[in-house]
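This report walks through a single protein chain, helix by helix. Look at the sequence and the structure first, then read on.

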Amino acid sequence: MSDLDKAYQTQMQNISKKTGKSLEELTAIVQGSGLTKHGEIRDMLKRELGLGHGDANALVHFALRSDGTRAAQEKGMSATDVLDEIYAGPKAHMRPIHDKLMDAIDKFGEFEIAPRRAISACAERSNSL
């Protein structure tokens with residue numbers, strides 16, 4: 001297990017301890033909320049459970065299984081498959097730029113790679129500023 005995986009596991013355990021609820025109970029709260037947008041769910045968790053922004057955000061991804069890696073895996077795709085899809089067609093010329101940038105970033109040390117086909121998280125954050 002990588003250090004990032006351990007850190008994520010610790011964060012989820014800490015969220016459970018803070019709230020006094022199991023991850024299954026927390027997932028049920030998210031799914032039973034009737035909310036569908038990431039930001040709305042995150043804000044509800046902050047308000048209702050007193051979670052900080054980072055913990056609420058992580059819990060939304062956990063409950064919705066929406067982090068890049070798990071979302072791709074559930075579709076039977078690898079991170080490379082997602083990148084191939086992102087950089088298909090008119091964006092194909094941009095793939096070498098991406099690969100070169102990732103090679104440079106990789107030199108900083110271990111980190112999570114979570115390619116996504118949409119930028120909703122970025123757009124959502126900029127709308128809340």
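Predicted model: local features only at pLDDT ≥ 70, side-chain atom pairs only at ≥ 80, totals over all residues.

The expected span of a helix is 1.5 Å times one less than its number of residues.

**Helix H1**

Helix H1 covers residues 3–19, which makes 17 residues.

Which residues of H1 are buried? They are Met12, Ile15, Ser16 and Thr19. Viewed down the axis of H1, these buried residues fall within an arc of 100°, so they line one face of the helix. Asp3, Lys17 and Lys18 are exposed on the other side of H1. The buried residues pack against three helices: H2 (23–32), H3 (38–49) and H4 (53–64). Just after H1 comes Gly20, with a positive phi of about 75°.

**The whole chain**

The protein has eight helices and zero strands. Its pattern along the sequence is α-α-α-α-α-α-α-α. The protein has 129 residues, and 26% of them count as buried. Take the contacts between residues at least 6 apart in sequence: 50% of these join residues at least 24 apart. The accessible surface comes to about 8,700 Å². Carbon and sulfur atoms own 55% of that surface.

| Helix pair | Angle | Axis distance |
|---|---|---|
| H1 and H4 | about 105° | 10 Å apart |
| H2 and H4 | roughly 85° | within 9 Å |

Start with H1 and H4, which pack at an angle of about 105°. That makes H1 roughly perpendicular to H4, because angles of 65 to 115 degrees count as roughly perpendicular. On the H1 side, Tyr8, Gln11, Met12, Ile15 and Lys18 take part. They meet Gly54, Asp55, Ala58, Leu59 and Phe62 in H4. Met12 and Ile15 are among the buried residues of H1, whereas Lys18 is exposed.

Next come H2 and H4, whose axes cross at roughly 85°. H2 and H4 are therefore roughly perpendicular to each other. Leu23, Leu26, Thr27, Val30 and Gln31 of H2 make the contact with Leu59, Phe62, Ala63 and Leu64 of H4. Leu59 and Phe62 also meet residues of H1.

H3 has 12 residues. From its first C-alpha to its last it reaches 16 Å, close to the 16 Å expected at 1.5 Å a residue. His38, Gly39, Ile41, Arg42, Met44 and Leu45 are buried in H3. Just after H3, Gly50 takes a positive phi of about 70°.

Gly52 sits in the loop between H3 and H4. Along the chain, Gly52 and Ile15 are 37 residues apart, and their C-alpha atoms are separated by 9.7 Å.

**Arg95 in H7**

Arg95 belongs to helix H7, residues 95–106. At 17% relative accessibility, Arg95 counts as buried. What does Arg95 contact, leaving aside its neighbours within four places in sequence? Its partners are Thr80, Leu83, Asp84 and Tyr87.

Note on methods: Residues numbered from 1 in each chain as written. Heavy atoms only, no water. Helix = DSSP H or I, 4+ residues; strand = E, 2+ residues; numbered from the N terminus. Buried < 20%, exposed > 50% of the residue type's maximum accessible area, 1.4 Å probe, protein only. Contact = heavy atoms within 4.5 Å. Areas by Shrake-Rupley, 256 points an atom, 1.4 Å probe, with all protein chains shown as cover. Arc of directions from axis to C-beta. Axes fitted to C-alpha atoms, helices over the stretch in contact; angles between N-to-C directions. Parallel < 35°, antiparallel > 145°, perpendicular 65-115°, else oblique.
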